[in-house]
Amino acid sequence: MSDTAAPAPGLEQTRRLGVETTGIEIIEESERTARPRDLFWPWFAANVSVFGLSYASFVLYFGISFWQAVLVSVVGIVVSFLLCGIIAIAGKRGSAPTMILSRAAFGVQGQKVPGVISWLVSIGWETFLAILAVLATSTVFTRLGWGGGTGTKVVAAVVVAALIVSASVAGYHIIMRMQSLLTWVTGIVTVLYMALTLDDVDWTAVQAIPAGSTQSVIGALVMVMTGFGLGWINIAADWSRYQKRTAPGPSIVAWNTFGGALAPVVLVLFGLALAGSSTEILDGVAADPIGTLATLLPTWFLVPFLLAAILSLVSGAVLGIYSSGLTLLSLGVRLKRPQAAAVDGVLLTLGTIYVVFVAENFINPFQSFLITLGVPLAAWAGIMIADLALRRRDYDEDALFDGRGRYGAWDWAAIGTMVLASLVGWGLVINSFSDDASWNNWQGYLLGPLGLGGRDGAWAFANLGVLVALLIGLVLGYALRRGTVRRQES
């Protein structure tokens, strides 16, 4: 709920500097001026990163053909961002951050259960993107003969963290302006990259890649969905809460999906052609995705490529850290929004330093982390989509902040559904990186009892648990909470 009292002098000065002071409270009607097409800019800018090219290698590692990979990539990217678009409708209905709106489904206090998962996912994503930016800087500097050792990495880590944190602290309005600018810069450089590396595509080698099994195709599909749209779904309403109440829901879904999916579809498809042409590229991406892609470029284009790569990664990390700050506030942490973003910025910096200077391998542990948290996040998404489908009215804004209101403190049906869906989902995924992430070796306990071949069987790498968790959350969330939603809206 917004404070209608006159702002303090210091707060007014902060606003004049362009810093967003709104935290998790409801957006004032006078500030809800955004239109559905405005959603294109943040989603496109955050996903036009050249890192999308490297996802092609992860897809082909499942042992599927080029055409299977094309199908998997297009369907996985579009469907996952479509789910983001559906969640974005909640922002228009309630003009509050995603995890505050989630209180309608889980209860004012119960929301902290998915809130913690959401916060961890956002922190993980933003740190991962910062790490990629630092490693890319080191690789390109080495190629240019400017040095790429410890000193370069330290400076890169500081600069990248400073860019991400400063933009996130500034908030919504500055981020929206920044994203519209970055869209053009990174988009142009990415198109030039594709033009300069087109000769590296060997269509004979690409088309000779043998087809993979159904299980492998499903595994690649789940990985794509988790790595793209499902990785953003917990913050989807954060950017639509400034939409006018009269904004059409289908338009919000369409612009969110179009903005998020357009660049990744193009980038991954071109990346499939590149990675399928050379085992050297395919294997190099696992250690240093963007650095490996840079090795294909002429020297004169390395600096523009580096700047575009860093800016695109920073763009994605800014969305993550901005929203992770809002999620932190939704958990009851008593800070102002800029302070919460700054706290998460410190964690990002520490995580980046650890991985870049201490950890020997980060891609494998990260993928393990992604699948693990992707299961409960998918369960939450299913429950949230079911809740949106059941509601016919806008949210009761006061009740979102009062455990004695119509949404209550705890919704045990939603919490129980999320727990059940997560337990089933974890039982149907395995840790593919047992040496690098041994802490995850407990998963996959249902693959044997359900006749799916156990941890070494054909279905072990399909990661069915993410899709199953999403479906359980959607079906049970709709079936068990129909009466609850009717009572809430009566």
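Let's start with Arg481. Its relative accessible area is 1%, so Arg481 counts as buried. Buried means under 20% relative accessible area, exposed means over 50%, and partly exposed is in between, with a 1.4 Å probe and protein chains only.

A word on the source. This is a predicted model, where local features need pLDDT of at least 70, side-chain atom pairs count only at pLDDT 80 or more, and totals for chains, interfaces and linings use all residues. Residues are numbered from 1 along each chain as its sequence is written, and side-chain values use heavy atoms, with hydrogens and water left out.

Back to Arg481. Which side chain meets Arg481 in a salt bridge at 2.8 Å, N to O? That is Asp387. A salt bridge here is a side-chain nitrogen of Lys or Arg within 4 Å of a carboxyl oxygen of Asp or Glu. The pair links distant parts of the chain, 94 residues apart: Asp387 sits in helix 18 (residues 363-390), and Arg481 in the loop between helix 20 (464-480) and helix 21 (482-489). Helices (H or I, at least four residues) and strands (E, at least two) are DSSP runs, numbered from the N terminus. Both Asp387 and Arg481 are buried.

Arg481 also forms a salt bridge with Asp411, with the closest N and O atoms 3.1 Å apart. Here the partners are 70 residues apart, and Asp411 lies in the loop between helix 18 and helix 19. Is Asp411 buried or exposed? Asp411 is buried, because its relative accessible area is 8%.

Now compare another pair. Arg406 and Asp396 meet in a salt bridge at 2.9 Å, N to O. Both lie in the loop between helix 18 and helix 19 (412-427), so this pair ties together parts that are 10 residues apart in sequence. Arg406 has 40% relative accessibility, so Arg406 is partly exposed. Asp396 has 24%, so Asp396 is partly exposed too.

There is also a network of salt bridges. It links Glu29, Arg32, Arg245, Asp394 and Glu397. The count by this rule comes to 10 salt bridges.

Next, the whole chain. It has 21 helices and 0 strands. Of its 490 residues, 60% are buried. Why call the fold compact? A compact globule with 490 residues would have a radius of gyration near 23 Å, and this chain has 22 Å, which agrees. That radius is taken over C-alpha atoms, and the globule rule is 2.2 Å times the number of residues to the power 0.38.

Helix 8 (residues 150-170) has 21 residues, which should span 30 Å at 1.5 Å a residue; its end C-alpha atoms are 30 Å apart, so the two agree. The expected span is 1.5 Å times one less than the number of residues. Buried residues in helix 8 include Ala157, Val160, Ala161 and Ile164. Just after helix 8, Gly171 takes a positive phi of about 100°.

Last, the surface. Val333, Leu335, Val343, Val346, Leu347 and Leu350 make a nonpolar patch of about 450 Å². Patches use residues with over 30% relative accessible area and no salt bridge; like charges are joined within 9 Å, nonpolar side chains (Val, Leu, Ile, Met, Phe, Trp, Tyr) within 5 Å. Areas come from the Shrake-Rupley method with a 1.4 Å probe; for residues, only the protein chains shown count as cover. Val346 belongs to helix 17 (residues 337-357). At 48% relative accessible area, Val346 is partly exposed.
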